[in-house]
Amino acid sequence: MKKYFKIAGWTTLGVAVAGALFLVVILYRYGAALPDVDQLKDYEPPVTTRIHAADGRLIAEYAREERLFMPLSAIPDKVIHAFLAAEDKNFYEHGGIDYTGVLRAVFDNIYNGLTGHRLVGASTITQQVARNFLLTNERSFERKIKEAILAYRIEQAFDKDQILELYLNEIYLGQGANPQGSYGVAAAALSYFGKGLSELTTAQCAYLAALPKAPSNYDLRHHPKAAKARRDWVLRRMADDGFITADQRDAAIAEPLKLWHPDNSLIFNADYFNEEIRRQVADLYGTKALYEGGLSIRSTLDTRLQAIAETALRHGLVAYDRRHGWRGPIAHISLDDWRKKLKAEDVPLGPPNWRLATVLAVSGDKADIGFADGERGHIPFSEMTWARKWLPHQNVGAAPGKPADVVKPGDVVAVEEATGDDAGKGVFSLQQIPAVEGAIVALDPHTGRVLALVGGFDYDASQFDRAMQADRQPGSAFKPIVYAAALDSGYTPSDLVLDAPFVLDQGPGLPKWRPSNYEHEFYGPSTLRTGIEKSRNVMTVRLAQSVGMKKIADYAERFGVMKDMPQVLSMALGAGETTVLRLTTAYAMLVNGGKRITPSLIDRIQDRWGRTIYRHDRRPCPGCSNVAWKGQPPPEIPDNREQVIDPGTAYQMVSMLEGVVQRGTGARISAVGKPLAGKTGTTNGPNDNWFVGFSPDLAVGVYVGFDEPKTLGGHETGARSAAPIFQEFMTKALKGQPAIPFRIPPGIRLVRVNARTGLPTSPSDPNVILEAFKPGTEPTGRRTVLDGSDSDVSLPSEKSVPVGTGGLY
């Protein structure tokens, strides 16, 4: 017997030594080259970056993995309990490996193997952290050994709560309503149920906890029965483990399992604006920070003004496009199986209320149409009378006499529900996607905050941003820069410039340059005010010649319109190139009293920890931080904006541009009924049309033109195509607001003068206006006329002063 015990003892010892040696070999072989678990201490998972409008509405998200990081202290207990019950009920007891769970899994898998059921695993949450963070998803015996070793090391380096926090923020939980997938419990709660973690029911927590094993197998959209069965299993485990009562379990099992369908209206759509922010943030911090950094970006966007801007621009572009005829259907299909063919037409239409339809039949007074969803309707002839045939150079043919002159069966067209006299169920109007493009920008002239920006008719059709990326000739919209330089050089709004033929020798072999006014007429001596109100080209050239193109080029750069502008006289008429945003910013610096501003789409950027890493407003404010309000006045923040031009000059330009709206080329804008100022712009062709203007607290720029430069049509001017967009925008933007007059800086004297002559006059004069003068510059009865010579010319009597509409270039 002693011999037997002796043999058994030595055998046990031998097995133990062999086992220990085997374990040493395994640890040496697999443990030496494993990743360092200390890297988990610096864990910063890829987190979604979000952009919000100024009013807090979400406008964009950027992520490679849809994730919201949540510290464990912010995760509700019922979420934690659900995952512990489903994945690792002994998590807080074991040291990384649950040996009891391993033995149970061995016996369970023997049974499952014999009965054909799916094998089960025994990975603890710690092992899953090791696998998800430090290893691959390779299925092998070697990986399981590495996983176990790393799990042990992780348990030595981190406490349980830290491990659980890593797990709940990293785990992949399927797609839900997000095609990119959901990583971490916070993102999954939003994706599946549209809720924050604290809002989840116990049943919803259990469903999320059911997903880690096989998210696709328990996808609620494709496998609802399996999803509910797995959720109910988790609920039973929660009850068995004492996390919930039996009554709570039964109530949760009875709760319907429904997937949330996202409401797209919760995200405000401002694609051109968002894309510019995306580019700027990527340039500042790199694409990794943008897509993985969890940045919180507070933009300058005013959602109300953005919606108004999009509508106004689309209305203006459609109105222009209709004036220049019908270019034909979007496509033509055969009518056999037309619904399927129509559905296959992937055409971005722009306005959300436009729809794609097929013409099914044409009669004498209407065209019958059908939609891909089977709905039917018709287009009355009255809703297509605008569709004259388009001809080259933006000309049009004869007006159509019947629907068959416009469409035929099989045509694929854009339509919109009819309004006005033709409105009714199933009645539609014929629409056409404009070939012309445009842009509109609105900004705060005091801060440079861009409140609205639309870079084209439809972002889905073209991502090219015509507000910020398109360099275009501004035409007469550049003239305020010339006149501002003249006013700073000693001229006054009442000074006279000769409006008469001007010829410039351009050098050997080149033709003489003869600028002309829009109507090819000349009006004699005219005031500077008249020159800008009526957009007189020849006057502007003479003025630029007197002031000097070097100074005008300096002002163009000072206002940010363009750099290194060629110092040739044609530049005074807007022959250079700039963008809508730059020119609108220049106008804003006139109405804000001549202060420099930098346009910005971003107010503030915070990192994932809430620290501010960027702020547009960098003015010092020592008394703004960590202050409890106790009725004290707000701290005074210094105005450190650079003075670009004299405030008096800035106001004189504002007053003259207000005259453009009251009496000049922008007279249609006066219908808004609020104090407004601005300038039209039309280039040769005409290829580019502009209207840039402002109220005392809002600057707006509008551009209309083709992406490939070509004529807009002989009668298209800034006043006809761009000004209506500005007018619609301002009408809606300023609705309900008081009529605030333009602010007058100290030192300006307002003198009653005749609007035509610029001479002092009485209040009874029908043409009296209040003209702005700097001290000591008020007009007298005799003045010099700038005519390119040094001779004095006496102004004739008022009645002999010619008047006219002037040029619009």
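L284, Y285 and I613 form a nonpolar surface patch with about 250 Å² of accessible area together. Areas follow the Shrake-Rupley method with a 1.4 Å probe, and for residues only the protein chains shown count as cover. Patches consist of residues with over 30% relative accessible area and no salt bridge, like charges being joined within 9 Å and nonpolar side chains (Val, Leu, Ile, Met, Phe, Trp, Tyr) within 5 Å. The structure is a predicted model, in which local features need pLDDT of at least 70 and side-chain atom pairs count only at pLDDT 80 or more, while totals for chains, interfaces and linings use all residues. Residues are numbered from 1 along each chain as its sequence is written, and side-chain values use heavy atoms, with hydrogens and water left out.

**Confidence**

- The mean pLDDT of the chain is 88, and 89% of its residues reach 70 or more; pLDDT is the predictor's confidence in each residue, from 0 to 100.
- Over residues 790-809 pLDDT stays under 50, and the model has 54 contacts for them beyond four places in sequence; a contact means heavy atoms within 4.5 Å.

**Surface residues**

- L284 is partly exposed, with a relative accessible area of 47%; buried means under 20%, exposed over 50%, and partly exposed in between (1.4 Å probe, protein chains only).
- E636 is located in the loop between β19 (612-615) and α20 (647-663), and is exposed at a relative accessible area of 79%.
- Between E636 and C621 there are 7.7 Å in space, C-alpha to C-alpha, and 15 residues in sequence.

**Salt bridges**

- The structure holds 43 salt bridges, each defined as a side-chain nitrogen of Lys or Arg within 4 Å of a carboxyl oxygen of Asp or Glu.
- E155 and K160 form a salt bridge, with the closest N and O atoms 2.8 Å apart; E155 is buried at 13% relative accessible area, and K160 is buried at 14%.
- D617 forms a salt bridge with R619, the closest N and O atoms being 2.8 Å apart; D617 is partly exposed at 35%, as is R619 at 34%.
- A salt bridge also links the side chains of E716 and R720 (3.4 Å, N to O); E716 is buried, with a relative accessible area of 1%, whereas R720 is partly exposed at 37%.

**Strand β12 and its partners**

- In strand β12 (residues 411-417), 5 of the 7 residues are buried, and the strand is mostly covered.
- Strand β6 (residues 331-332) runs antiparallel to β12, joined by 2 bridges; two strands pair if DSSP finds at least two bridges between them.
- The bridge partner of A331 in β12 is V412.
- Strand β7 (residues 354-362) pairs with β12 in the antiparallel sense over 5 bridges, with V415 in β12 as the bridge partner of R355.
- Strand β13 (residues 428-431) is antiparallel to β12 and joined to it by 4 bridges; F428 in β13 stands opposite E417.

**A three-stranded sheet**

- An open sheet is formed by 3 strands in the order β17-β16-β25, with mixed pairing.
- Its edge strands, β17 (524-527) and β25 (785-786), each pair on one side only.
- Strand β16 (residues 496-499) pairs with β17 in the antiparallel sense over 4 bridges, and L496 stands opposite T527 in β17.
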